[in-house]
Amino acid sequence: MRKDGGLLNKKVPLGATLALIIITIALTVSVTMVIAMRQFNSTMSDVGQRQVMFEYITDIDKTVRQHYAGTIDEEKLRAALTKGYVEGIGDPYAAYFTAAEYQKENDRMAGTHSGLGLELALTSQGQIRISRVHAESSAERAGVQKGDVLTAVDGEAVSAEGYETLKSRLESASRVILTIQREDQSIAFELSPSPYQTDSVEGRLIGSTGYIRITEFHSLTADQFKAVYDDLSAQGAQNYVFDLRGNPGGMLSSVTPLLEYLMPRGVYARKTDNTGTVTDLIDTDNYQMDLPSVTLVDSDTAGEAGLFAGVLQEFGKTTVIGEQTSGRGLTQEYFTISSDGAAVKLSTCQMSLVTGGSFDGTGITPQTVVGLTEEQKANFAFLEDSGDPQLQAALSALESMSAQAG
């Protein structure tokens, strides 16, 4: 006996079926037309707005060319117009690069550079000191050392007032003679630009703690980090300090291999693009860090550096110590202008933690807040371990963890 209530045995009239089909088609067409009209209207509105903008710029250009008594540098004008456009879109991290600037930016993100191979810092005492000497650079080969005090360039004395101009001068110098003071010695070095790789990762042992400083995230960072981490592990590191202070971020594709190296398998973060599409960042690696760690951050820790700290913190892989991070939680990409090789950098994705959500505009909050004095910040590159309160807080926290585990 059938127990379907007989409903399936009733025949629906052909006319009713055809009417239902026609109504469904009509509704579908109507909805499609409404959506299409909205998109058309939006597009026409955008086209109209662009037309008004182009007409306005054309009007200004016409007025200038009719009345300006000087000579217009067309290339300079085009670059200025483009920079103004990019600055006006409301993206605080957007930027325009000329072809030459983009080539330098490409080299920087690739971890390569051509120059003297040194970095400067202006101390609280008004001294200009060498804060870093890059490996295999002309500065290193000549014998320049971190901590040297720069006193003259090409025989001209340098001063704190001309610091920014001096940095620009050294970045573009083709040949230069630097005079430095090292203890009671005055030494002159003749330097010329040369290619070198930039090390974004430095490491050393502090007792049994592996200290790893990451200055930025570029194409070579992941490999450099793994090499330093594995070397410290082989030396017997029992825990780690990851120092991200002053790290401005860089490339999402550079930080994800580090997180996948340290995190357990599974989703560890997310990104949302400009269409609203959410993509999970997933670790498929079997390895994960199983030793205690502390991550140091400050107000200049931004972007991908914030993601690194936030992910490890959220999964209990690290304790974050220092200051609230900058709050930049957007990633940027470069888009080449085919006509002349220039490029624009635009924010294209928002990074977010699995449970903590987006940190754009808020930053990552340390579990333990420890600051630096203004003098310590000014002399940060030259702080001794014992005079660095944030590092000392990290080492104390790791010692406490070790005692509790024992």
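How many of the residues of strand 7 are buried?

Reply: In this predicted model, strand 7, which covers residues 176–182, is mostly covered, since 5 of its 7 residues are buried. For the protein as a whole, 37% of the 406 residues count as buried.

The pairing of strand 7 can be followed on two partners. Strand 5, residues 149–153, pairs with strand 7 in the antiparallel sense over 4 bridges, and within that pairing A152 stands opposite T179 of strand 7. Strand 8, residues 185–191, also runs antiparallel to strand 7 and is joined to it by 7 bridges, with Q181 standing opposite S186 of strand 8. In general, strands of a sheet pair through backbone hydrogen bonds, in either a parallel or an antiparallel arrangement. Strand 7 and strand 8 form a hairpin with 2 residues between the strands, and E183 takes a positive phi there, near 55 degrees.

A hairpin with 2 residues between its strands is also formed by strand 10 and strand 11, and in that turn G207 has a positive phi of about 65 degrees. Strand 11, residues 209–214, runs antiparallel to strand 10 and is joined to it by 6 bridges; R204 has Y211 of strand 11 as its bridge partner. Both strands belong to an open sheet of 6 strands with mixed pairing, whose order is 10-11-12-15-16-20. Strand 10 (201–206) and strand 20 (368–369) stand at the edges of this sheet and have a single partner strand each, so one side of each is left without a neighbour in the sheet. Helix 10, residues 389–405, packs on the sheet and touches strand 10, strand 11, strand 12 (239–243), strand 15 (293–297) and strand 16 (319–322), while its direction makes about 160 degrees with that of strand 15.

In strand 9, residues 194–197, S194 and Y196 make up the covered face, whereas P195 and Q197 make up the uncovered one. Strand 2, residues 112–115, pairs with strand 9 in the antiparallel sense over 4 bridges, and Q197 of strand 9 is the bridge partner of T112.

Burial is also found in loops. T123 is placed in the loop between strand 3 (118–122) and strand 4 (128–133), and with a relative accessible area of 5% it is buried, the cut-off being under 20%. Leaving aside residues up to four places away in sequence, T123 touches R129, A378, N379 and F382.

Helix 1 (14–67) and helix 2 (74–87) are the elements that give two or more residues to the patch, and helix 1 supplies the largest share, 6 residues. M53 lies in helix 1 and is partly exposed, with a relative accessible area of 30%.

These parts belong to a protein with 10 helices and 20 strands. Among its contacts between residues at least 6 apart in sequence, 66% join residues at least 24 apart. The protein exposes about 22800 Å², of which carbon and sulfur atoms supply 53%. To return to the part you asked about, strand 7 has 5 of its 7 residues buried, and its antiparallel partners include strand 5, through 4 bridges, and strand 8, through 7 bridges.

Methods. Residues are numbered from 1 along each chain as its sequence is written. This is a predicted model: local features need pLDDT of at least 70, side-chain atom pairs count only at pLDDT 80 or more; totals for chains, interfaces and linings use all residues. Side-chain values use heavy atoms; hydrogens and water are left out. Two strands pair if DSSP finds at least two bridges between them. Contact means heavy atoms within 4.5 Å. Axes are lines fitted to C-alpha atoms, for helices over the stretch in contact, and angles run from 0 to 180 degrees between N-to-C directions. Buried means under 20% relative accessible area, exposed over 50%, partly exposed in between (1.4 Å probe, protein chains only). Accessible areas come from the Shrake-Rupley method with a 1.4 Å probe; for residues, only the protein chains shown count as cover.
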